[in-house]
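Subject: Structure handover

Hi,

Here is the structure for your files.

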Amino acid sequence: MNNLKPIQPSGDIQPKLLKDITFKQFKEFLDSLDEEKKTWSLDLQNNKNRKEFYEVKKDLYMTIVCVDGEKVIGLCDYYENLELPILLSEISFVVKKGYQGQGIGTKMLLTIETLMKDFDHKYVTAKHYKDNIASHKAFLKVGYEEWVVGKKYYFDSIWFDRKLVEGDDWEWKIKEL
């Protein structure tokens, strides 16, 4: 399944699945992130290192990248949050600083949601650091709503609400697909 229609390429900027780039390109992208690492919530989603993350994700159609020529400039990933008592997908994205503010993150979010719908996902959650205003705005722009502590949602025949976590530095969003 290779449905990447929502991103409308501009110039040399193109969407790709992770499997369409090399590990070297992926590693160079992660190594090039500096300031972005401080505000991005990717924790390699239960993988030990970058190589394992790349190898696992490239075959699952769960991760897309945006490239400018051969250079990776953005990444968007979704995964199932196994810490929650119900199965919810969580999304994470990052765009290199020099490319931010051009709608690339927004377009990656919409693109990956298309993939998620293809796999019958009904809800998606996102978390970002409370002081990450750009992520806050990007998620609201594509239809996420703030998921505040105590607000209940009905998932698979049960009511579920987000609990307060001690030292919670995250702001949560949720969207029905």
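The lining of the largest cavity has four nonpolar, one polar and three charged residues. Here Ala, Val, Leu, Ile, Met, Phe, Trp, Tyr, Cys and Pro count as nonpolar, Asp, Glu, Lys and Arg as charged, and the others, Gly among them, as polar. The lining residues are Leu-17, Leu-18, Lys-19, Lys-57, Lys-58, Tyr-61, Met-62 and Thr-63. The volume of this cavity is about 30 Å³. One cavity of 30 Å³ or more was counted.

The model is predicted: local features need pLDDT of at least 70, side-chain atom pairs count only at pLDDT 80 or more, and totals for chains, interfaces and linings use all residues. Numbering runs from 1 along each chain as its sequence is written, and side-chain values use heavy atoms, with hydrogens and water left out.

A cavity is a set of points where a 1.4 Å probe fits but cannot get out. A pocket is an open set with protein on both sides within 12 Å along at least five of seven lines. Lining residues have an atom within 4 Å of a point. Points are joined across faces, edges and corners, and a volume is the space filled by probe spheres set on the points.

Leu-60 lies in the loop between helix H2 (50-57) and strand S2 (63-68). Leu-60 is partly exposed, at 40% relative accessible area. (Buried is under 20%, exposed over 50%, partly exposed in between, with a 1.4 Å probe and protein chains only.) Leu-60 and Leu-18 are 42 residues apart in sequence and 9.1 Å apart in space, C-alpha to C-alpha.

Now the largest pocket. Its volume is about 570 Å³. It is lined by 29 residues, and Phe-93, Gln-100, Asn-132, Ala-134 and Ser-135 lie nearest its centre. Strand S4 (88-95), helix H3 (104-118), strand S5 (123-129) and helix H4 (133-141) each give two or more residues to the lining. H4 gives the largest share, seven residues. By class, the lining has ten nonpolar, twelve polar and seven charged residues.

Ser-135, His-136, Ala-138 and Phe-139 are buried. Seen down the axis of H4, the buried residues fall within an arc of 165 degrees, so they line one face of the helix. (The arc is that of the directions from the helix axis to the C-beta atoms.) Ala-134, Lys-137 and Lys-141 are exposed on the other side of H4. The buried residues of H4 pack against S4, H3, S5, strand S6 (145-146) and strand S9 (170-176). Gly-143 follows H4, with a positive phi near 100 degrees.

Finally, the whole chain. It has four helices and nine strands, in the order β-α-α-β-β-β-α-β-α-β-β-β-β. Helices (H or I, at least four residues) and strands (E, at least two) are DSSP runs, numbered from the N terminus. Of the 177 residues, 49% count as buried. Among contacts (heavy atoms within 4.5 Å) between residues at least 6 apart in sequence, 65% join residues at least 24 apart.

Best wishes
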